[in-house]
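Open the model in your viewer and keep the sequence panel beside it. Each stop below gives a selection and what to look for there.

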Amino acid sequence: MTTSAPLTLAQVVALPAMPSARQAFAALNIGETLGYELISSGEFPVEVVRFGRSFRVRKAELLAYLGLAQMVAAEVQSATTTNDDAPGVQPGAPTEQPAPTSK
């Protein structure tokens with residue numbers, strides 16, 4: 001049995017869309033034994049998806065359970081509304097707007 005260190009906030013946010021069960025355990029700061037027991041008893045706090053012999057969870061559900069979904073959504077929203085940090089874009093440049101359609 002291996003014991004992995006709990007993930008930092010930045011590491012949790014950087015997880016893939018479908019992290020492995022072990023990554024979810026580290027994000028929740030629980031051990032593998034307890035994590036797999038919770039999965040087998042149907043008591044894991046987020047839905048677990050089985051792919052062959054591996055288990056995955058949805059990152060969105062994991063973030064919601066940890067109370068991080070709104071914070072991450074706010075960060076994504078603020079990143080998409082400003083072009084100031086984008087390479088090759090002049091600071092203060094307007095964001096692209098959809099073309100008006102005529103009927």
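**Before you start.** This is a predicted model: local features need pLDDT of at least 70, side-chain atom pairs count only at pLDDT 80 or more, and totals for chains, interfaces and linings use all residues. Residues are numbered from 1 along each chain as its sequence is written, and side-chain values use heavy atoms, with hydrogens and water left out.

**Whole protein.** Colour by secondary structure. The protein has five helices and two strands. Helices (H or I, at least four residues) and strands (E, at least two) are DSSP runs, numbered from the N terminus. Along the sequence the pattern reads α-α-α-β-β-α-α. Of the 103 residues, 24% are buried. Buried means under 20% relative accessible area, exposed over 50%, and partly exposed in between (1.4 Å probe, protein chains only).

**Helix 2.** Select residues 21-28. Six of these eight residues are buried, so helix 2 is largely enclosed by the rest of the structure. Show Ala21, Ala24, Phe25, Ala26, Ala27 and Leu28 to see the buried set.

**Asn29.** Step to the residue that follows helix 2. Asn29 sits in the loop between helix 2 and helix 3. Its phi is positive, about 60°, although Asn29 is not a glycine. Is Asn29 buried or exposed? It is exposed, with a relative accessible area of 55%.

**Helix 2 against helix 3.** Draw both axes, as lines fitted to C-alpha atoms over the stretch in contact, with angles from 0 to 180 degrees between N-to-C directions. The axes come within 10 Å and cross at roughly 110°. The two helices are therefore roughly perpendicular (65 to 115 degrees). Next, show side chains. Ala21, Arg22 and Phe25 of helix 2 meet Glu32, Gly35, Tyr36 and Ile39 of helix 3; contact means heavy atoms within 4.5 Å. By class, this contact has four nonpolar, one polar and two charged residues. Ala, Val, Leu, Ile, Met, Phe, Trp, Tyr, Cys and Pro count as nonpolar, Asp, Glu, Lys and Arg as charged, and the others, Gly among them, as polar.

**Helix 4.** Select Lys59, Leu62 and Leu63, the buried residues of helix 4. Look down the axis: they fall within an arc of 100°, so they line one face of the helix. The arc is taken from the directions from the helix axis to the C-beta atoms. End at Gly67, which follows helix 4 and has a positive phi near 75°.

Definitions and conventions: Angles under 35 degrees count as roughly parallel, over 145 as roughly antiparallel, 65 to 115 as roughly perpendicular and the rest as oblique.
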